[in-house]
Amino acid sequence: MTATPSAEAPASEPSTTRMSLRLGSAAAFVGAASVLFAAVAREITEPSGIAITAAVFATIVAYGLVPLMLTAAMRQGALSSWWAVAAAFLAAALWSAAGLLFAAPALLPLAPAMVNALVTAAPSASALWILAASVEVVRAGRHRWSLVFIAAFVAVLMIGSAFIELSGFDIRRVLVPLGWAAWMVDAARAIRARSSPATERPTAATADAPCANCGAPRRTDGLAFCSRCGLPYGARRA
């Protein structure tokens, strides 16, 4: 009978899998930084439009490409199924198309209704992906329910930001990037814990018991009888 390594501490994980998990962890941190940068750059008004272009590029990276890389790493490390990969691919395609239409609308001349439908579907696809990826991490045995709580919070905000219009200051424009970044950091922590090598606790060395008859220390040559009284260890002379 061979013992299988547990999900909490993979003892013999292949180096390619561990490398992919580390890349996925790094991608999660890049996504968290990108989404915060996009949120800040989106509020900057600049005549040249450099800030708007940077915000669009950072949004595509944070909401589209990085989740796809992260899910591929999770799949490689047995932390998700192909359903999460499909959800990430859908979100990446929608965010990339929406960013392309926003940055260069002349490249893809579409009807305004189709553009609005595409822009509205992108946050919903991200909400679907973040919930699917969180559930997959929990099912893999990581028991990080904080991912599910943050994912549900961000999903509600992202779907609400697509269908609800508020006048004045919209708190969701702050909470959605912060919640997404918090989820990315928590996902990176889960993946880094999965990719870290298993550490075994050192067992305390048990001292060899002396001779039960005369109290002499045990021999170092491996023989099972005392060198002083000649009795086997553990025996007493009547």
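Tutor: Valine 174 sits in helix α6, which covers residues 172-195; a helix here is a DSSP run of H or I with at least four residues, numbered from the N terminus. Keep in mind that this is a predicted model, where local features need pLDDT of at least 70 and side-chain atom pairs count only at pLDDT 80 or more, while totals for chains, interfaces and linings use all residues. Residues are numbered from 1 along each chain as its sequence is written, and side-chain values use heavy atoms, leaving out hydrogens and water.

Student: Why is valine 174 called partly exposed?

Tutor: Buried means under 20% relative accessible area, exposed means over 50%, and partly exposed is in between (1.4 Å probe, protein chains only). Valine 174 has 35%, so it counts as partly exposed.

Student: And what makes valine 176 buried?

Tutor: Valine 176 lies in helix α6 too, but its relative accessible area is 8%, so it's called buried.

Student: Which residues does valine 176 touch, not counting those up to four places away in sequence?

Tutor: Tyr63, Val154, Leu157 and Met158. Contact means heavy atoms within 4.5 Å. With leucine 157, 19 residues apart along the chain, the C-alpha atoms are separated by 6.2 Å.

Student: How do you know that serine 134 is buried?

Tutor: Its relative accessible area is 1%, so serine 134 is buried. You'll find serine 134 in helix α4, residues 112-139. Leaving aside neighbours within four places in sequence, serine 134 is in contact with Leu147, Val148, Ala151 and Trp183.

Technical notes:
Helix = DSSP H or I, 4+ residues; strand = E, 2+ residues; numbered from the N terminus.
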